[in-house]
Each structure stands twice: as structure tokens, then as C-alpha cells.
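This briefing goes through selected local features of one model, grouped by topic. Please keep the structure in view while reading.

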Amino acid sequence: MPIFTQLNSSFLKLLAFRILIVLAYQIIATVVGWHIYELTHEPLSLGLVGLAEVIPYFCCALFAGYAVDHHSRRLFGVFACLMLLLNALTLAAVGAGWPVGNPALWIYGSIAITGVARAFISPSYSALFALILPRHQYARASGIGSSVFQFGLVIGPALGGMLVGWSSKSVAYCVAAGLCLCAALALLSLRIKEPPPAVSAPILTSIAEGLRFVFSNQVVFGAQSLDMFAVLFGGAVAMLPAFIHDIYHYGPEGLGVLRAAPAVGAVLTGLFLTRYPINLHAGRWLLGAVAGFGCCMIVFALSTDFWFAGLLLILSGVCDGVSVVMRSTILQLATPDSMRGRVSAINGIFIGSSNELGAFESGMAAHYMGLVPSVIFGGTMTLVVVAATAKLAPKLRQLQLHQLN
């Protein structure tokens, strides 16, 4: 029976929360990239956006996971929506020229708020996901959740670029604020029975328990490390404003198209894996997908044609879609219910912070090596990471999903 006929209204509301918050975040990220590069014309400034977000994220993530495991999963998700809403309104004011002082500093300061908000989003979603669905639906539901997430990655950047091109940066930021409000309302409308608060162990002891679980589990640790280093070195999205300005010579609409391109491939992949989930040779599929991502980045860096670059980014999204679904399924099946918030927060540090650290690394590499050589270097390092993971994590390489049930 198709899983859509089995979904309850709570899961549909959770999916609504996910796509709304992803749309809001992607609009903000796209417009901020254009905004800051328009002010500075310096690739390093794009990397500093990532650094401004990752520092507060990294500081808050483990405590956010503890809070979600020991208190209300839903209300912390609502808190994250309201924080992101505040960030969007602050950026709208900067776009309108209202604050006094250097607008770039205001942008970096407001992006720090995004880092705090993001620390709570993934643990809340992961914990609510496990409350709403039975285990036998995890694999296909992860595919649906990934497709919804990637669909937001398609629409969000394109919408952000169009709003800037057709209206203004402030209007785009205000639209993102409205989406944040709708996401908060979707969570508040959930009718679920949350388990009683967990026995409150000392906070550092509890966090250490989650860390021990992750670092002692070769499959979980290997999957997280693989994706972290691949994104850290291989991601080129943060540099797209520079490619658009300096190589392809398009406007903000072109930036929206290229930022959305990887998610197009990921959406199609997620929908396919919803119908035909991978069970056999899951570890090999994960490793192969990340290697394919690295190859796409190398060829993308060498491309000078806008549409061919878009096609390569779509193919990179196909590879990333396989990786995301496989990693999400592995984490859901391998994680005890009592640790989902903490493990999701640790996963967020591995994966989420690597996006922003990767943006900073890309900005630094582009500043010192040049734009194109820096992306080629990152794709090559991704292939090195895949080879090292295959060698050092044989349990992940040989993984079959039924071994985790």
C-alpha cells in the first residue's frame, strides 16, 4: 500500500513545518549571498556568512539536543521558527537601509541568530518524526521527508532570486518571515502525546552519553563523518554569487536557478527512493553517491556555460539525494528513542555545521587559490574522503539496512 494512504494528519503537519522552514531559510540564504556580495564583491565575505552562522550553531547544538530529549519537542521547534522570523525581519530592515552603521556587520550579526535557530530545528523534527510514525515506515517516510526538504531547496532559492530581481531584498526577507510564522503555526496545530520528560541526568553527563553512542558506533560515526567532510570540501553553493557575477554574468534570477538546481536532482531521487527504497548494499550506495558528488563538483568548476553548469548541479543533487536518504534512514534505525534529540544534534554538528564551515573554507580557498581552482580542490578532497571512509569503516561499507532492524 502506498505510504501516502497511511500517513496521519500529524505527519502531514510535520511535513508542512519542514517545507515552510526550509523555504524560509533558503530564501534568506540566497538573498543574503547576493546582498553581501553586492556590498563587498569579495568571495571571502561569502565565506564569512557561513562562519557567522556556524559559531552560534556549534555552541548551541548539543544543548539543543539535550533540551529536545528532556522537554517538549514541539515547543523548541516553535522557538526556532520565531528566532528565524526575527532574523528575517532584521535583514529586511538592513535591506531598507534603516539601521545605522556598516550594513555588512548587521548582516553578519543577524545571521548569527539563524545559527541559534538551526540548532533546534533538526532535533525537533527528528524527535517528532519518531513519535508520529512506526518503525516499519521509517525508510519510506525518510524518502518523503527528504523529497519535501529538497523540494524546499528547489523552490526557496528560485523564489528568493525572483523576489530580489522583481521587487527588492526587503520584500524577499519579509516573505521569509511570513513562512516562518506559518511553520510555527503548523507545529502548534500538532495533536500528539509527547512522552513524559526523561529522567533529568546532569546536562553534561547526558550530552556525553550521546557522544559516546555516536563515536562508538562505526556505522553511525562513519556515515556522519563521510557527509561532513564531503560537504566541508566539496560544496560550491556558497560561491555561486561569485560564479554568477564573474563567470556567467547573470543577475539574481540566475543565482536562484543555480542554487535550486542541486535540489531538483535530489527531489527526483527522493521520490524514486520513496517508491523503491534501497535495502541491499546500502553502504556501497552511500559511498558511491558521495564520490559522484565530488566528480560533479570538479566538472562544474571547469564549466563556463551557465546551463551546462546547471545540469552538473542537478546531477550533484541526484548523488546528494541518495546520500541524504541513506544517512537519514541509517540514523533513524540505529538510534535509540531516548537519544534521538542528542544524536540528531550531533548529526547536525557533523552535517549542518559543515555547510557553513564549508562556505568559510570555500571563501578562504577562493581568496588564496582563485575561484575555479578552489572548487576543483574541494571536489578532489571529497574523493579522498570517500576512499578513506571505505578503508577505515568496513562495517559501513558492507552495511545492509536489515542489519539495523
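His 41 sits in the loop that links α1 (9-40) to α2 (43-70). The model is predicted.

**Loop histidines with positive phi**

- His 41 is not a glycine, yet its phi is positive, at about 55°.
- With a relative accessible area of 51%, His 41 is exposed, because the cut-off for that class is over 50%.

**Second largest pocket**

- The volume of the second largest pocket is about 190 Å³.
- The largest contribution to the lining comes from α8, with six residues.
- Among the lining residues are Gln 218, Phe 221, Gly 222, Ser 225, Leu 226 and Phe 229.
- The lining also includes Val 385, Ala 388, Thr 389, Leu 392 and Ala 393.
- Sorted by class, the lining holds seven nonpolar and four polar residues, and no charged ones.

**Packing of α8 against α11**

- The axes of α8 and helix α11 (residues 282-302) approach to within 11 Å and cross at roughly 5°.
- α8 is therefore roughly parallel to α11, as angles under 35 degrees fall in that class.
- On the α8 side, the contact is made by Ala 223, Leu 226, Ala 230 and Gly 234.
- On the α11 side, Leu 286, Leu 287, Val 290, Phe 293 and Met 297 take part.
- By class, this contact comprises eight nonpolar residues, one polar residue and no charged residues.
- Leu 226 of α8 takes part in the contact with α11 and is also one of the residues lining the second largest pocket.

**Gly 234 in α8**

- Gly 234 belongs to helix α8.
- Its relative accessibility is 2%, so Gly 234 counts as buried, the limit being under 20%.
- Apart from neighbours within four places in sequence, Gly 234 contacts Phe 229, Phe 293, Met 297, Gly 378, Gly 379 and Thr 382.
- Of these contacts, Phe 293 and Met 297 are also among the α11 residues in the contact between the two helices.
- Gly 145 is 89 residues from Gly 234 along the chain, and their C-alpha atoms are 24 Å apart.

- Tyr 108 lies in helix α4 (residues 103-132).
- Not counting residues up to four places away in sequence, Tyr 108 touches Ile 36, Ser 45, Leu 48, Val 49 and Ala 52.
- From C-alpha to C-alpha, Tyr 108 is 9.7 Å from Leu 91, with a sequence separation of 17 residues.
- Asp 69 is part of helix α2.
- The C-alpha atoms of Asp 69 and Gly 254 are separated by 42 Å, and the two residues are 185 apart along the chain.

Notes:
Residues numbered from 1 in each chain as written. Predicted model: local features only at pLDDT ≥ 70, side-chain atom pairs only at ≥ 80, totals over all residues. Heavy atoms only, no water. 1 Å grid on protein atoms, 1.4 Å probe; cavity = no way out; pocket = protein on both sides within 12 Å on 5 of 7 lines; lining within 4 Å. Points joined across faces, edges and corners; volume = space filled by probe spheres on them. Helix = DSSP H or I, 4+ residues; strand = E, 2+ residues; numbered from the N terminus. Nonpolar A, V, L, I, M, F, W, Y, C, P; charged D, E, K, R; others polar. Buried < 20%, exposed > 50% of the residue type's maximum accessible area, 1.4 Å probe, protein only. Contact = heavy atoms within 4.5 Å. Axes fitted to C-alpha atoms, helices over the stretch in contact; angles between N-to-C directions. Parallel < 35°, antiparallel > 145°, perpendicular 65-115°, else oblique.
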